[in-house]
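Hi everyone, thanks for coming.

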Amino acid sequence: MVTMKGWILLLLLGATSVLGQRILKPALSRVQIGQRTFSPLVMVSLESTRSSARRGDPTFTYVRRTCNITCPMGHVNADCDTCMCEDATLHGKVSLEDGSPAADARVYLQAKKLKLLTMADNRGMFRIPGICPDGKNTLKIKKAKYATATVTVPESNRRNLAIQVQLHRSGKPYVFRSPEDKARRVGQSVSLCCDARGSPAPDRYLWYHNGSLLDPSLYKYKNNLILKNLKREQSGEYFCKASSAGGSAKSQVAKLAVIGTKEAACDSQPQSHLIRLPHDCFQKATNSFYYDVGKCPAKTCAGKLDKGLRCKDNVSYCCGVSKMETRDISCDGYTLPTKVIVECGCKVCTETKIMVRGRATAADNGEPLRFGHIYMGNKRVSMTGYKGTFSIHVPADMERLVLTFVDRLQKFVNTTKVLPFKENGGAVFHEIKLLRKKAPVTLESTETNVISLGEMEEDDPIAELEIPPNAFYRKNGEVYSGKVKASVTFLDPRNISTAPVTQSDLNFVDEEGDVFPLRTYGMFSVDFTDEQGTESLNAEKVKVHLDAAQVKMPEHVQEMKLWSLNPETGLWEEEGDFNIEKSTRRKREERTFLVGNMEIKERRLFNLDVPESRRCYVKVRAYRSERFLQSEQIQGVVISIINMEPEPGFSSNPRAWGRFDSVVTGPNGACVPAFCDEQNPEAYGAYILASMGGEELEAVPSAPKLNPAAIGVPQPYLNKLNYRRTDHEDSNIKKTAFSINMAKPSPNSPEENNGPIYAYENLSECEEAPHSAAHFRFYRIEGDRYDYNTVPFSEDDLMSWTDDYLAWWPKPMEFRACYIKVKINGPQEVNVRSRNMGGTHPRTIGKLYGIRDVRSIRDPQQRDVSTACLEFKCSGMLFDQDRVDRTLVKVVPQGNCRRVSVNSMLHEYLVNHLPMATNNDTSEYTMLAPLDPLGHNYGIYTVTDQDPRIAKEIALGRCFDGTSDGTSRTMKSDVGVGLTFTCSERSATEQSIFQSQRNLGQQSLRDLGQQSPRDSGQQSPRDSGQQSPRDSGQQTILVLPGQRPAYRRPPASRRNNQAKIPMIGQRPTY
């Protein structure tokens, strides 16, 4: 028996001497602790092992616990945690993402505790003897800044195995699918899902409701949250948080609406929505040119559900039009029909396509990126054209579009952009500006090399790169010796013209998964190659010396970090910190530098940035005209903001920009993120500009006097913001941007808490702000054209499409725009109108689709010639896709005009594609629109696209150019003409349509109604001595149901004379 006091001594004795072994065995049969004696429940087995020196000695034994591991090959090791095979050897190679060796990577055996086996050498090679190839041994390979790789030794009969492992940079998770907005009724169920990827992969998901964590043990969720038997109080906002060893990331917020079992899914009462009527349709009842046709907000509603619980509902339901009525509007000499929404209901959402288009050009001289590759993550998705243009289809479930533009000729720096898009469908146009690569310099690899970052006249560089001797190495890990070609391109924020070249959107994700902005002090692209320029080189132990004197905001000195761009996510990731050092560095006086260390391997784009928490949002809206009507807001406008840091004491002379952001306007404008300061209104400034389709919109003027009503911001807050349009002091400067002080609203000032600046935490308040709340404004000069649709539709909001036979666009996912080029011989520019009616379809024959008006453009080379590109409704299938309709198009120039010629090829086509319209009146032209997409040889221009505005812009460009594949902003009058009219001069007292509209353009909606066309000097046809269509014997535009359409078959003799070679197999419809 042994006592507790002698237990440790006896164990040591038993493990180290023969005497101890003899004493230990009988002693273990009884154990005394204190005053009590115990028999052990488990006896430790003793195994006699004879050494080669003591072979035959039965007294030499050691103690070992029972091991339950069974080895299919080899035997259990001494630690009883794996199997060993003395004759087996594992050879391995560890590399990084770019193929370079992962030197010093640590290789562990996964057991109860990780056991370090070996380390990789400078070539990334390692060797492990004695490990069994039984398919059960698992290795963990670790390296700083890289995700741990897990690999299982494969099962094999060979005794010499080789494996290869590639390490990926460790990073925070990236949420690529967020939960969707959904609507349910009480008692129903819902499934909300989010997915994230990353290296390492996310292994934990948490769900939040209205900001509060949902108990994982109660809801039993992972990346899929299922809520059953819903109650009203479960309405609200939901988001998920994905986590891994690399960090966390939060999804976008999804809204869940839970309504009563018998509650209406949508508000049946339409919202007010005004449309502008034609110039000759003034309404005395409302004293205006506007008519309320109603609108149903396209929000998610609770529709019919299938039985399964899915992340994405099989059918999505939105509030939409459930009932429309036709109203006749009395105009000057005719009646205009329009469809008015009288009831809204829950319907299947309109399916749309999301597109991003643009042009990639050099920032310095506009040189296009020709045939460049476009990547989405690691996948090439498209190429740019000869003129740098591109088109990308955005997947329906994508919430963040990250594209990288790569120049195959390596003239430009690889450029990664985060491009906003219209979530409700349609296309957005982006101008992509590329930074030209700096010409390479030659370095000696065996010497210390210094490269300056930033070259501004009369100013020092912002920073310098210091590369020590022998720091360059090849991708296989070998040290490179020789001459190095180094191209280091720096984006200097002291030059405001470089702001649009900013890579990505300058955001990063913090440890909690929240997205925060960065304020840049410069970003640089690094490219090292051998002397021949054929092999890319890496560099280690590189130092960045940032001149602290260039950091004008003292609080930023301590927070400065070095970042690198993740091209897959478009987010910046931390590379390292800076330390403060004193140095002379090419200067006699001692200066302070921020010094950081970096290694240049897989990533070649870096940033000198500071996280900035002083954030706000700026409310901006875009309009079709200076009337700034709510119904004339434009969606799809790209609002860009350049955050400025004023130089201390010179607030009107900004020193440097710090951030560039872009947002696309939706149905309620846009909320643009920006830096702001509550204590000092001038701490941050901003330039704000807007563009659509590559054209810049105009900002509201600030000189000679501020007009708060026009700008959209009341006093005294407007003065505090110091609003200035770019031409405030110089009228020769463009009028397409304005500057403001980013003064954060004071919570104690009521006039500052209604926009246009919102605190960062009040994003929802900004997004949902009513039209009456303060906001900044841009407007588009639409030009001399007017569109009217019988069935109201906003080309900016594809969700407003209605499935009606009289819809101008019959399909919401494919928009076909048609134009005809009309030449006018005469001393005056004239208005040309197209009236478009159903021609051959029994449901629409004689009914109006819409009206288009456009004013001809004077030819600068020919005084008596002007030309118009006039839109008409294309022929084709209607919304039910059951039968074709040949649109009956009537082209009518305003004034005393006479048709003198029709394009011969167009005429021949119409003769050979019966039926043919009647053309007895020489003051106009009527045709059944072609079904085929004719080209410039016919004077017809047709373009099909997923976005109506893009289709129209492309078709207009071709029409102006007079070609089928070119484009122009200058009208070419003598090529590609379809119709020619000769018009006499208008009388001196008669105003053109657009002159009368211009006279009214500066007035508000109320002012517009204070004078009739007669009062404003605009004469009706009777007043001006012209005959109305009815009086002149011309055909009426609107054909009543039951009347014959305005076309007929040509007589046989005429058909034979005009079309001697008929189309083979062509048969008339009637």
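Let's start with C71 and C83: they form a disulfide, with their sulfur atoms 2.1 Å apart. Keep in mind that what you're looking at is a predicted model. What is the handedness of the link between C71 and C83? It's left-handed, with -95° about the S-S bond. C71 sits in the loop between strand 5 (61-63) and strand 6 (75-76), while C83 is in strand 7 (residues 83-95), so this pair ties together parts that are 12 residues apart in sequence. Both C71 and C83 are buried.

I'll show you two others.

Here's C194, joined to C240 by a disulfide with an S to S distance of 1.8 Å. The link of C194 and C240 is right-handed, at 100° about the S-S bond. C194 lies in the loop between strand 16 (190-193) and strand 17 (195-197), and C240 in strand 21 (residues 236-244), so parts that are 46 residues apart in sequence get tied together. Are these two buried or exposed? C194 is buried, because its relative accessible area is 0%, and C240 counts as buried at 0% too.

Next up are C818 and C874, a disulfide whose sulfur atoms are 1.9 Å apart. The torsion about the S-S bond is about 120°, so that one is right-handed. The pair links distant parts of the chain, 56 residues apart: C818 is in strand 60 (residues 815-825), and C874 is in the loop between strand 64 (862-872) and strand 65 (876-877). C818 has a relative accessible area of 3%, so it's buried; C874, at 7%, is buried as well.

Okay, over to the backbone. Which peptide bonds are cis? One joins Q715 and P716, with omega about 5°. P716 lies in the loop between helix 4 (708-711) and helix 5 (717-721). Another runs from L914 to P915, with omega near 0°, and P915 is in the loop between helix 7 (904-912) and strand 69 (916-917).

Last stop: positive phi angles. N470 has a phi of about 60° even though it's not a glycine. You'll find N470 in the loop between strand 37 (463-467) and strand 38 (472-473), and it's partly exposed, with a relative accessible area of 41%. K541 isn't a glycine either, and its phi is near 55°. K541 lies in strand 42 (residues 538-547), and it counts as exposed because its relative accessibility is 63%, where the cut-off is over 50%.

Key. Residues are numbered from 1 along each chain as its sequence is written. This is a predicted model: local features need pLDDT of at least 70, side-chain atom pairs count only at pLDDT 80 or more; totals for chains, interfaces and linings use all residues. Side-chain values use heavy atoms; hydrogens and water are left out. Helices (H or I, at least four residues) and strands (E, at least two) are DSSP runs, numbered from the N terminus. Buried means under 20% relative accessible area, exposed over 50%, partly exposed in between (1.4 Å probe, protein chains only). A disulfide is a pair of cysteine sulfur atoms within 2.5 Å.
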